[in-house]
Amino acid sequence: MTTTATPVQPAPGATAPAHNPKSESTTAKRAKSTIFHAAALLLTCVVLYPALWMIASAFKPNSEIGGQNTSLWSSNFSFDNFATAMDGIGGVSTLQFFTNSLILAIGAVVGTILSASVSAYAFARIKFPGRSVFFGMMIATLLLPFHVVIIPQYIIFQQLGLVDTYVPLLIGKFLAGDAFFVFLMVQFMRNLPAELDEAARIDGAGHVRIFTSIMLPLMKPALISTSIFSFIWSWNDFLGPLLYLNTPDKYPLPLALRLFVDQTQSSDYGAMIAMSVLALLPVLIFFLIFQRYIVEGVSTQGLKG
Amino acid sequence: MINRRHFLTTVAIGTASAAALAACGNGGSSSGQTGSAEKPVTINYTWWGNDDRAERTRKAIALFESKNPDIKVNGNFTDFAGYWQKRATEAAGGGLPDVMQWDLSYLRDYGQRNQLLDLGTVKIDTSAFEKSLLPSGQIKGKTYGIPTSTNAFAVYYDPAKLASLGIAEPTGKWTWSEFQSFLKEVGDKGNGTLFGSTDFTGVWWQFNIWLRQKNIQAFTSAGKLGFSKDDLKTWWNLNSKLRGTQALVPEDRVTQLKPKSPFGSNVSAAEVTWDNFMAGYLADSGAKQLKLVPVPSDDPNNLGLFLKPSMLMVASAKTKFKDAAARFIDFMVNDPEVGQIFKTSRGVPASKTQRDGTTFDGADKLVVDYEKSIEQYLKDAPEPPIVGFGTLEASFGRIASDLNYGKLTVDGAVDAWFKEAEDLIKQNA
């Protein structure tokens, strides 16, 4: 402390600091950069701590999770929780839950990509009577809270005898039910130069040709962000499967996760957390593979060469 | 677990189902379809619970099917919170499963809306049930639920912890002030590492029992509050000297320990709650042994205790297979072999036939013995709680917690709770 308080005596013969602006700005920059990185690192730690806690807890015995125990790592390190988690629940194997989740998520991605891109093409490129009205109505469905339509939807699917199948969970995706994705793609397509389609049209291409050969390849970034979001949303969806699926062997992971914690009996937090870690992996892998396309999409603004 | 989205969902489902239910009305057929061994009927049965319960229930269903070849049972399960969201949606859509495991706090809600079958109209043997228990499944003379099992209120304590502090184990014959001095002694000798218990005045059911000791009903049969502000004031003032001392676990500590309880985390030596928490407490705390004694009372002949159904069996009012549903319920509540499968994992079997056919050991035996020991004090179980009771019970705990944090005075807390309660009762009237 005392050293900083004493004024620095310039060494004899040394030039005053003001005469060397270059080196000073480098140190200042370096200091700034250090502070910035330290702060960023600290924030990352804060943000990532829950994930770290989850991973650490997955290796702890159930009695050491929560409550009085504050230490992150346990000396009783073991894979027991993973073994319990993989055992499955009520005669249904955990692999089955994973498969169900995958079917639902992949179905959602395929459905959304197919239907949303076609609808977006219609809204962005085809002039038809009432286009703006329909577009407005579609946007309005974004404002409609999901909870308002739960009961009517359930009644429809129940009368159709489709409860306890994957149809109620997937049909909306194949019918461009997610207005958000349609909107996203419409906005993206509007930014693509109209000259491209005009040129194609002059060459004799119809809508189908223009859509498949011109629009789809250019829309790759939008398609990829849509896939990532619809995959993650479907993977994490709890309420939809809860309401529409009855038989445990059709349950996806989020329903299975909840079965480890039972308020009326003893709760196996360890197994639940271990299963959460496992459930996180596919989403993480999916994201890691495709995230560079998102960045690419932003940097090229959807336009190439 | 309860966040804003969850709350909104519940509200939305509730409102929507109320609207849809109004349109439904009564239209049940009088005779149920029956099956034969060659052409069995299939009934749907649903329950909440974990892996362990799923396994036991599967065994029970297999046993039932082998004894009743004309009925197939299709079993489904979810977790407790999701269970009720699903039931609300199904009720609105008219698709409740034939037979369901049920919780007391939802019985009046669904019963009053004619969603549940009057089980008095079908053949279910209730002769082996404690007479004081059955009213808890009945609303205005109609039986909507048959209890599978019971639990009773008790004071838990950890004998090892008391021994380490040199404190004698309680006998269970104590007045409120004796109970409080016991907590104080634990707190004083525990010196910050071990507390007496959580503030027991924040537990709704303990308050309810205290009211019963004074011969006051918590809710009138008309669904109104049966006690006055002064009663609640007296109750919350009971612990005013103990709050902030080591007799009670500090409120911030209680919050930190969630989702575990202070007693399960070895922070307190005693706790008042239902006796079916035994298995959970043993697992959480790792204690070798925990013991149960009756709650304190200033009137040694009236402990206010009663048996509460830990869960019930109900049938859908719209089921096409009334007879099959009734036979399945009868089997699940009365059959001794079913008792042997479930042990006390549903609570202590309510039917004497089932209880006598089950062997209990370890912690199970402690709970069964406790319920046997209080038999002489048991009075009629209260009617199913009013609609929205769950909210009231939760706000009781929350307001008591604010009281312990010092955010509210006793008078303020009483006013706050009464306002919530009266609003809720008005809404549901």
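User: Which residue is the bridge partner of B:Tyr156 in E9(B)?
Analyst: In this predicted model, where local features need pLDDT of at least 70, side-chain atom pairs count only at pLDDT 80 or more, and totals for chains, interfaces and linings use all residues, the partner of B:Tyr156 is B:Leu292 in E9(B). Residues are numbered from 1 along each chain as its sequence is written, and chains are lettered from A in the order in which they are written.

User: How many bridges join E7 to E9(B)?
Analyst: Three bridges join strand E7 (residues 153-157) of chain B to E9(B), and the two run antiparallel; strands (E, at least two residues) and helices (H or I, at least four) are DSSP runs, numbered from the N terminus.

User: In what order do the strands of that sheet come?
Analyst: The order is E8-E7-E9 in chain B, an open sheet of three strands with antiparallel pairing, where two strands pair if DSSP finds at least two bridges between them. The edge strands, each pairing on one side only, are E8 (270-274) and E9 (291-293) of chain B.

User: Switching to H15(B), which residues are buried there?
Analyst: They are B:Phe389, B:Leu392, B:Phe396, B:Ile399, B:Ala400, B:Leu403 and B:Asn404, buried meaning that 20 or more other C-beta atoms, placed from the backbone, lie within 10 Å of a residue's own. Seen down the axis of H15(B), these buried residues fall within an arc of 150° (taken from the directions from the helix axis to the C-beta atoms), so they line one face of the helix.

User: And what comes just after H15(B)?
Analyst: Just after H15(B), B:Gly406 takes a positive phi of about 85°.

Notes
Buried ≥ 20, exposed ≤ 12 C-beta atoms within 10 Å, placed from the backbone.
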